[in-house]
Each structure stands twice: as C-alpha cells, then as structure tokens.
Amino acid sequence: MTVIPAAQSDRSFFKRSQIKNRALGSVCAGVLALSAQAAAAQDIAQADAATEQVTVTGTRVVRDGYNAPTPVTVIGTEQIQAEAPANLADYVDHLPSMMGGEKPDTSPGSLSNGLAGVNALNLRALGVARTLILLDGHRSAPSAATGEVDINTIPQQLVKRVDVVTGGASADYGSDAVGGVVNFILDKEYTGVKGAVEYGETTQGFQPSYKVDATYGVDFDGGRGHALLSGEFVGTQGIYDYDPSWNKS
C-alpha cells in the first residue's frame, strides 16, 4: 500500500481546484460575451426597424470652399391643392425666382421647332435650357431638341412635393443647372382611386379652360408589386377678335 504524504495531497487538491476555477471562469466569460453580443445585435435590429425608409433626392460632395448653404424652396401637396392651379407649371411659375418661362399662350407660333404648347420653367431668366428639371431626383427626358422639358408630361396628380433649388447648382449637376434645379417628387405608393374636374374663365367670360384627371393605384402579388395609372386632359381656348369698349375711348 502506497502512502501519499499530506503535503503532496494538499498540493494536488489545490491544483485541481485551480483548474476547475479557471474552467468556470472561462465559461462565465464566454456566457457574458455571448450575452453582450446578443444585446448589441438586438439594439442594431431595433435601430434598423425604427428606420423604415431613407430617400435621398439630392446630394452634394463636400469640398473646402463650398460650405455655403444652398437656398431651397419646397412646395407641398397642401399648397398645391389650396391653390388648385389649372396647371402645375403655372403655380410653380409664380415663384419670385421664376421669370421668362415658355407657356402655351406665348408659343402658338412655334410649330416648326416643336415648342408649341410647351410649359417650360425658367429660373432667374437665364433660359429654360439652364434650368434642370428632375423627376424623383433623376433627369427628365427633354421634350424638344433644344433641351426644354415640358412640365405637362409629368403626372400632376401624383406630385406630392416640388423642391426648387433657387441658387446655381452647376457645380453639382452640370451646365444645364446654371439657373437652378426643379425636382418633382411623385407619390409612387399611392393606392386607391381619385379624380378631379375643373373649369375656369376670365371675368368677361373669355378663355374658358378645363381639366379632367384621374389616378388609380393598386398593389398586387401580395404587396410585392405596385401599379400606377394616371392621366389628364387639359384644354384652354384662345381669345379671338376681342375689342373691348374701354379700348375705343
């Protein structure tokens, strides 16, 4: 029979206790690390859930010397509906920074170049070719070879906001934005049916104008797709052979 000295037995027991303590400490540290990672992942998931959607319609690369604020005029749906303009371009053209734009009333003879009836905006009277028109932050296709964009081609019942950069933005957008930028933001998530019928004329009963528009939006395939259909019909009669009595005196 082998007899183990008491001192050696105590040392073996002490070593085994140290090993067990180290193992328990490692396990506890691992559990704490996993708990911290799970809490961090939960915080990130909650932050992502709080931010449903981020939409950037315009941006600018920050450079030294370009830190001056850019003036922006925002026209919302409430303002447009309160004014109830016969044409959205007519309402935007009332801004002080707009002047010298092309209108159907001022371009009846522009048949050969295809500009008859065009509604084009002109910022700061620098020319319609120097006013950049954007649709949801993207360049809109020109309506003529000279670069004009006809605002009549934009579905006006779907416009929920108009952002107008009244200062020159050619450093960001190019030479076609020397006068500024007009960005039309559409409501691409609209669901339902809406329509409107409008009629107006001058105080003397001349130049009757009318507008009929309708919009339809629906989800399909369980919300994976969305279809939008919008159309309008606008007409304005001219004034012919007008000889008022006050002009004869």
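**Contacts, exposure and pairing**

Modeller: Of the contacts between residues at least 6 apart in sequence, 58% join residues at least 24 apart. The model is a predicted one.

Colleague: What makes up the secondary structure of the protein?

Modeller: The protein has 4 helices and 8 strands, and along the sequence they follow the pattern α-β-α-α-β-β-β-α-β-β-β-β.

Colleague: What makes β1 and β3 the edges of their sheet?

Modeller: The sheet is open and has 5 strands, in the order β1-β4-β5-β2-β3, with mixed pairing. β1 (72–76) and β3 each have a single partner strand, so one side of each is left without a neighbour in the sheet.

Colleague: How do you know that β4 and β5 pair?

Modeller: Pairing requires at least two bridges, and β4 and β5 (residues 180–186) have 6, in the antiparallel sense; therefore they count as paired. Within β5, Phe 184 is the bridge partner of Val 162.

Colleague: Why is Tyr 210 called partly exposed?

Modeller: Its relative accessibility is 32%. The class covers values between the 20% limit for buried and the 50% limit for exposed, so Tyr 210 is partly exposed.

Colleague: Which residues form the nonpolar patch that includes Tyr 210?

Modeller: The patch consists of Val 197, Tyr 199, Tyr 210, Val 212 and Phe 233, with about 560 Å² of accessible area together. Membership requires over 30% relative accessible area, and Tyr 210, at 32%, passes that limit. Tyr 210 is in strand β7, and β6 (192–200) and β7 (209–220) each supply at least two residues of the patch.

Colleague: Is Ser 209 buried or exposed, and how do you know?

Modeller: Ser 209 has a relative accessible area of 17%. Buried means under 20%, so Ser 209 is buried. This residue of strand β7 is in contact with Glu 198, Tyr 199, Gly 200, Gly 235 and Thr 236, its neighbours within four places in sequence being left aside.

Colleague: What makes Glu 198 and Lys 211 a salt bridge?

Modeller: The criterion is a nitrogen-to-oxygen separation within 4 Å. Their side chains meet at 4.0 Å, N to O, so the pair is counted, at the limit itself. Glu 198 lies in strand β6 and Lys 211 in strand β7, so the pair ties together parts that are 13 residues apart in sequence. Lys 211 is buried at 6%, whereas Glu 198 is partly exposed at 26%.

Colleague: How many salt bridges are there by this rule?

Modeller: The count comes to 5. Among them are Arg 161 with Asp 163, at 3.0 Å, and Asp 221 with Arg 224, at 3.5 Å. Arg 161 is partly exposed at 26% and Asp 163 is buried at 12%, while both Asp 221 and Arg 224 are exposed.

Colleague: What makes the pair of Ser 143 and Asp 150 a polar contact?

Modeller: A polar atom of the Ser 143 side chain lies 2.9 Å from the backbone nitrogen of Asp 150, and the limit for such a contact is 3.5 Å; the distance therefore falls within the limit. Ser 143 sits in the loop between β3 (138–139) and β4 (159–165), and its relative accessible area of 33% makes it partly exposed. Beyond four places in sequence, Ser 143 touches Glu 148, Val 149, Asp 150 and Thr 153.

Technical notes
Residues are numbered from 1 along each chain as its sequence is written. This is a predicted model: local features need pLDDT of at least 70, side-chain atom pairs count only at pLDDT 80 or more; totals for chains, interfaces and linings use all residues. Side-chain values use heavy atoms; hydrogens and water are left out. Contact means heavy atoms within 4.5 Å. Patches are made of residues with over 30% relative accessible area and no salt bridge: like charges are joined within 9 Å, nonpolar side chains (Val, Leu, Ile, Met, Phe, Trp, Tyr) within 5 Å. Accessible areas come from the Shrake-Rupley method with a 1.4 Å probe; for residues, only the protein chains shown count as cover. Buried means under 20% relative accessible area, exposed over 50%, partly exposed in between (1.4 Å probe, protein chains only). A polar contact is a pair of N or O atoms within 3.5 Å; within protein, one must be able to donate a hydrogen and the other to accept it, and residues adjacent in sequence count only if both atoms are side-chain atoms.
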